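Let's walk through one structure together, taking a sheet and then the disulfides. Keep the viewer open as you read.

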Amino acid sequence: MTSTWVSVIAMLLAFVNGARNEDDTLPCAKVQTSGSVVVLGSPVTATCVIRDDCPRASGQAVHIEWHLGQRLLPSSPAANDSSRISRVVIPSFNDTRAYLTCCIQATVCQIVGGVEIRAGYPPPVPQNLRCQTNLTSPSTLSCSWEPGQDTQLLTKYTLHTEIWDSYMNHTYELPTGVYRYTIPRTGFVLFSDMEICVKAVNELGEASSLPIILEPLGSAKFDPPEILKVQVEPKRHGCLRLSWSLSQHQAWVPVSHLNLQVRLKSAGSSQWSEQPIQVTRVNTKTTVCRLLHGKEYYAQIRVRYQQSPWSEWSSSQSGVTLEMAPTGRLDSWMKVSGELKQKHLTIHLFWKPSKQFRANGRNVSYVVSLQRPPGEKGQVCSTLGHYCTFQLPKGAKKVFLRSVNAAGKSSPTEVPVHLFKAGTPLSDITALPRDDRSLLVQWTSLVSSGLTGYIVEWRPLLQTDPSLIHFDITNRSQSSLVITGFEPYKPYGISVYPRYKDGIGRPQTVNAYSRQKAPTMVPNLRFKEMWHSYIELTWDEISLDQRNGIVRSYKVFYWDEQEHIKVVNADLEKRKVVLKELNTVSSYKAFMMVSTDGGSLNGSTIDFKTEPIDAVTVVLIVIPSSVGLSLLIIITVLICFSTHKRLKVRFWPMIPDPANSSIKRWTSETIQDTPSLSDVREPNPVYLSHLSFLDIPTKLDKRGDDPWLHSGVEDTSDLGESICGSPLTPGYSGSNSESVPYATVIFSGPYMSQSSQSSQSAGQSHVYLRSESTQPLLESEDGFSPKSYQNMPADAMTREQCFFGPCEDVDPGEKRDSGVLWDDFPLLRALAMNDAQSD
């Protein structure tokens with residue numbers, strides 16, 4: 001391949017140079033093209049003519065082929081059909097440089113002629129021609145431009161200048177690839193206009209830039225000027241005077257023809273004024289006004305000539321305006337601690353300048369007093385800071401806050417003393433980070449007629465200095481606030497207080513970070529309790545300065561010898577975890593991971609091994625369990641099969657049936673011989689615990705022998721104390737037994753003396769009182785039962801109402817069979833038995 005291209009190049013050189021003498025061999029062919037340099041992408045036409053005396057083509061038919069580099073091109077014979085002339089057309093020449101050759105086809109294709117073709121673009125018009133004068137020694141004029149698109153061809157640039165006043169023309173040629181030129185001082189005049197343009201030339205054409213006309217001094221960029229002094233303007237508040245000059249090399253320029261700008265910034269600020277101050281009448285002493293009183297400012301200046309570029313800013317110089325007394329009010333926030341019963345309240349007062357406040361001086365102090373015109377006696381605090389703590393006497397309703405400087409004192413700011421009051425607390429407080437230095441605090445607004453606004457307070461939790469507490473005041477319609485001045489990875493406490501007309505509500509507080517990351521450390525796991533199948537682990541709380549965020553989870557990872565990994569989430573407050581269902585006599589490994597919203601950190605790995613269950617442990621577990629189960633079975637059997645009445649009643653209480661009840665089962669021979677009692681046995685007798693007897697004094701009321709009338713109570717159907725002490729009998733004391741009597745018998749004399757008075761019983765009947773028990777005596781009353789037990793005269797009683805014994809006014813022959821009455825009233829039957837025994 002190399003030898004082939006060497007022969008091609010030699011052939012081309014022969015074509016270009018021609019025969020040097022008659023003895024030299026003439027080329028076999030001649031190649032003609034439409035152009036050796038063409039526009040990239042344009043068509044190219046070429047013709048190859050082989051001489052008749054070419055030794056390579058003698059005595060044989062000639063077949064011509066075309067090659068563009070290594071590519072074979074289709075060709076066509078010439079119009080005269082001669083085999084020694086061939087023509088080729090390239091529709092689009094897309095190579096920047098290539099060799100076009102023709103060859104004669106034999107055993108191999110022999111090159112007989114060729115030509116090099118180059119392609120590119122005409123030069124574009126140079127753009128953005130600009131020139132700038134440098135006034136340093138020596139002065140120069142530097143011009144630069146942009147060449148535009150690459151032409152792919154060798155392009156030459158020349159700079160042409162013409163000075164109008166002197167009719168001087170200059171042309172400056174530039175090296176290839178250089179698009180900047182510096183004109184020496186001899187090539188321009190500072191105060192004369194001149195025309196400048198750039199011309200570009202290559203093999204496909206030429207182009208010139210648009211000419212610019214300028215005055216060299218008008219395009220000069222001056223050196224930064226120098227501020228000599230910044231002074232207070234005498235008798236003018238808020239004004240400063242600046243003395244300045246140009247640099248040494250430009251001092252000859254008259255400053256009255258220059259433009260001047262001044263920019264300022266206050267001491268302690270990092271931002272310069274957004275809009276520089278334009279000075280209209282320029283001289284070496286310039287006055288700037290409309291500044292704050294008694295404030296230190298830093299000043300810088302810059303200059304230019306007409307529309308020339310601005311110089312760089314000068315170095316800074318500072319000055320202080322005249323002071324005057326502070327103006328405006330202060331925003332304050334008071335926190336009161338202590339009770340009204342105490343003689344003094346502890347006051348924590350914070351303040352900051354409002355938007356209308358002006359210190360008007362550098363050294364400003366603050367005075368808190370109890371009197372509107374502050375005096376030394378009423379003064380409780382004086383400080384240079386923005387915080388004060390003092391004791392306030394009981395009964396004081398307000399304090400007064402003033403700012404003071406060397407020129408005077410401000411008007412007092414009245415601060416009312418408000419205690420914390422009860423009210424609806426705030427809810428849904430959130431603090432979301434906006435960037436590394438700010439937070440967005442949001443809360444739910446309260447609906448209250450006395451609400452005037454909210455106070456948002458924030459403080460660093462790692463520091464206790466009260467001077468680091470900041471606050472802001474919002475109106476009642478606001479429910480969010482952006483606060484700034486935070487450090488990333490540091491905890492802050494943010495509190496929101498509702499503010500009322502007559503007090504301050506209780507706050508709600510959240511902890512927040514402007515930015516979080518993984519904790520600095522993970523606490524070590526400790527063994528608190530170990531057993532055969534579980535283990536309890538504990539750890540200490542991470543210190544606040546090492547959390548770097550709000551801890552969201554503690555996770556303990558543990559695995560056995562077979563690498564079976566399990567995860568347990570721990571309680572954030574208890575800081576302990578129990579690993580359960582462990583295999584006995586097995587080795588385990590565990591570590592803890594602590595996570596915040598900014599990342600997670602793994603702790604160190606610990607090893608532990610569970611213990612086997614020994615025989616003593618089995619005995620301690622099995623024996624108490626067996627004993628307890630046996631005792632439970634024994635107690636159950638004793639309860640179910642016990643014949644002890646009291647024990648049985650404790651678990652299965654006996655509820656008496658009034659329809660089948662009796663007071664006592666009598667077995668005396670007298671009762672058995674009584675014919676009237678032979679047919680009154682009950683099938684299932686249930687014994688009552690006792691029968692209550694009442695003793696009535698022998699002397700009755702003169703209204704009759706009826707003891708019910710003696711009580712002075714007409715209606716006894718609602719006797720609430722008939723069981724445990726009747727109100728009718730003051731001397732009666734009810735039984736404390738758990739049994740409830742179903743009837744009360746009232747005798748005219750002592751019960752124990754009834755046997756001796758049996759002779760009187762024939763002429764007197766007993767009085768019975770029905771019990772007001774909560775359990776009914778009978779499920780249904782008979783039709784002849786009285787509706788209510790009421791004391792009535794004996795003569796007013798009908799036959800149907802003589803239940804409890806014979807009526808005195810009734811004929812004995814007309815007496816009703818007592819057996820029928822006893823069957824209906826078993827309780828009364830027992831009383832009859834008692835009477836019979838007494839007889």
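Which residue in β19 does I227 stand opposite? This is a predicted model, and in it I227 faces W244 of β19. The two strands involved, β18 and β19 (residues 240-245), run antiparallel and pair over 6 bridges.

Step back and you'll see that they belong to an open sheet of 3 strands, ordered β18-β19-β22 with antiparallel pairing. The edges are β18 (226-232) and β22 (285-288), each pairing on one side only. On average, neighbouring strands here are turned by 25° against each other, ignoring direction.

Now for a cross-link around this sheet. C239 is joined to C289 by a disulfide, S to S 2.1 Å. C239 sits in the loop between β18 and β19, and C289 in the loop between β22 and β23 (296-305), so the bond ties together parts that are 50 residues apart in sequence. The torsion about the S-S bond is about 115°, so this disulfide is right-handed. C239 has a relative accessible area of 4% and is buried, while C289, at 26%, is partly exposed.

The count comes to 4 disulfides. Another one of them pairs C48 with C102, with sulfur atoms 2.2 Å apart. C48 lies in strand β3 (residues 44-50) and C102 in strand β8 (residues 97-105), so this pair bridges parts 54 residues apart in sequence. The link is right-handed, with 45° about the S-S bond, and both C48 and C102 are buried.

Then there's C131 with C143, their sulfurs 2.0 Å apart. C131 is in strand β10 (residues 127-134) and C143 in strand β11 (residues 140-146), 12 residues apart. This link is right-handed too, at 110° about the S-S bond, and C131 and C143 are both buried.

How values were computed:
Residues are numbered from 1 along each chain as its sequence is written. This is a predicted model: local features need pLDDT of at least 70, side-chain atom pairs count only at pLDDT 80 or more; totals for chains, interfaces and linings use all residues. Side-chain values use heavy atoms; hydrogens and water are left out. Two strands pair if DSSP finds at least two bridges between them. Helices (H or I, at least four residues) and strands (E, at least two) are DSSP runs, numbered from the N terminus. Axes are lines fitted to C-alpha atoms, for helices over the stretch in contact, and angles run from 0 to 180 degrees between N-to-C directions. A disulfide is a pair of cysteine sulfur atoms within 2.5 Å. Buried means under 20% relative accessible area, exposed over 50%, partly exposed in between (1.4 Å probe, protein chains only).
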